[in-house]
There are 2 protein chains.
Amino acid sequence: MTNRRGLADRPRDAYIRFMNDSPLRFDAVLAAITFNADGLVPAIAQQHHTGQVLMMAWMNAESIRETLATGRVCYFSRSRGALWRKGETSGHTQHLKDMRIDCDGDTVLLLVHQDGVACHTGRRSCFFRAVRDGGLVAIAAPEDLPAGV
Amino acid sequence: MTNRRGLADRPRDAYIRFMNDSPLRFDAVLAAITFNADGLVPAIAQQHHTGQVLMMAWMNAESIRETLATGRVCYFSRSRGALWRKGETSGHTQHLKDMRIDCDGDTVLLLVHQDGVACHTGRRSCFFRAVRDGGLVAIAAPEDLPAGV
């Protein structure tokens, strides 16, 4: 079933229902991914309905499996050498809406809904510095966050 | 000068004019970037007016300098070990509209105008495979390209 732009229809959260129903097919997803020598693959997080690129981090097989199974994005922290459940301490959870894999299988694109902000500086996106007037300029200020977010 | 969303105004192509006028300030941009042990940084290319994430590739200092100086995106090909001027052979050039750097300085976001398609499979974006119904499904077909693009 394709729409007029030639794209397959996108049943919302189908992957989550699937993963819960039949986790074996995870191997098909995993087989398409080329992990680096450290067992990691870069993952780009993008706000699903605005297109804003929020951050880039790394995932291993286990974090991908958990992300697909729970619908909440889990990365692998290279500095801590451990799973990093985004928002676990900050409350700034990323809810998975779609997972894409690129042609070479060496990058993952996560379409998410971001609770609060993605950046530890309090900004919505980590990419808040831009080349302007020959230097780097901050183009977004930290947001005031509602309590509990 | 900020607009009502608290963002600095974005003078189009200011970085290109600047780079041509006063290339020394490139060092300020470079100093904000953390390159990996191979001297590379991941770079995400995003179509500037639609938000579509097109691809992820790698840049070194030289490719960043060339990109800012020319306004045409140049990566570093890890497989060839050489500069990769996107579109040089295919004609599928990426025209730089904006360059962003993330909070940790370890990822670059390139807002571009993509001539033709970004993916070597003939698709607009490299991220054309999505997790659907428990497996991976192609959600975009190769485009018919006009001659010469």
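**Ground rules.** I'm working with a predicted model, where local features need pLDDT of at least 70, side-chain atom pairs count only at pLDDT 80 or more, and totals for chains, interfaces and linings use all residues. Residues are numbered from 1 along each chain as its sequence is written, chains are lettered from A and ligands numbered from 1 in the order in which they are written, and side-chain values use heavy atoms, with hydrogens and water left out.

**Strand S7(B).** I started with S7 of chain B, residues 129-132; strands here are DSSP runs of E, at least two residues, numbered from the N terminus. B:Arg129 and B:Val131 point one way, B:Ala130 and B:Arg132 the other, and all are buried (under 20% relative accessible area, 1.4 Å probe, protein chains only). In a regular strand, side chains alternate between the two faces of the sheet.

**Its neighbours.** Next I checked pairing, which takes at least two DSSP bridges between two strands. S7(B) pairs with S5 of chain A (residues 94-101) in the antiparallel sense, over two bridges. Four bridges join S7(B) to S8 of chain B (residues 135-138), also antiparallel. In S8(B), B:Val137 is the bridge partner of B:Ala130. The hairpin of S7(B) and S8(B) has two residues between the strands, and B:Asp133 takes a positive phi near 50 degrees.

**The interface.** I then looked up the contact (heavy atoms within 4.5 Å): 51 residues come from chain B and 52 residues from chain A. The buried area is about 4,000 Å², with carbon and sulfur atoms giving 64%; that area is what the two parts lose on being put together, summed over both (1.4 Å probe). In chain B, B:Phe127, B:Arg129 and B:Val131 lose the most area to chain A, together 17% of what that side buries.

**Charges.** How many salt bridges does the rule find across the interface of chain B and chain A? I got four, each a side-chain nitrogen of Lys or Arg within 4 Å of a carboxyl oxygen of Asp or Glu. One of them links the side chains of B:Arg132 and A:Asp98 (2.7 Å, N to O).

Technical notes:
Buried < 20%, exposed > 50% of the residue type's maximum accessible area, 1.4 Å probe, protein only.
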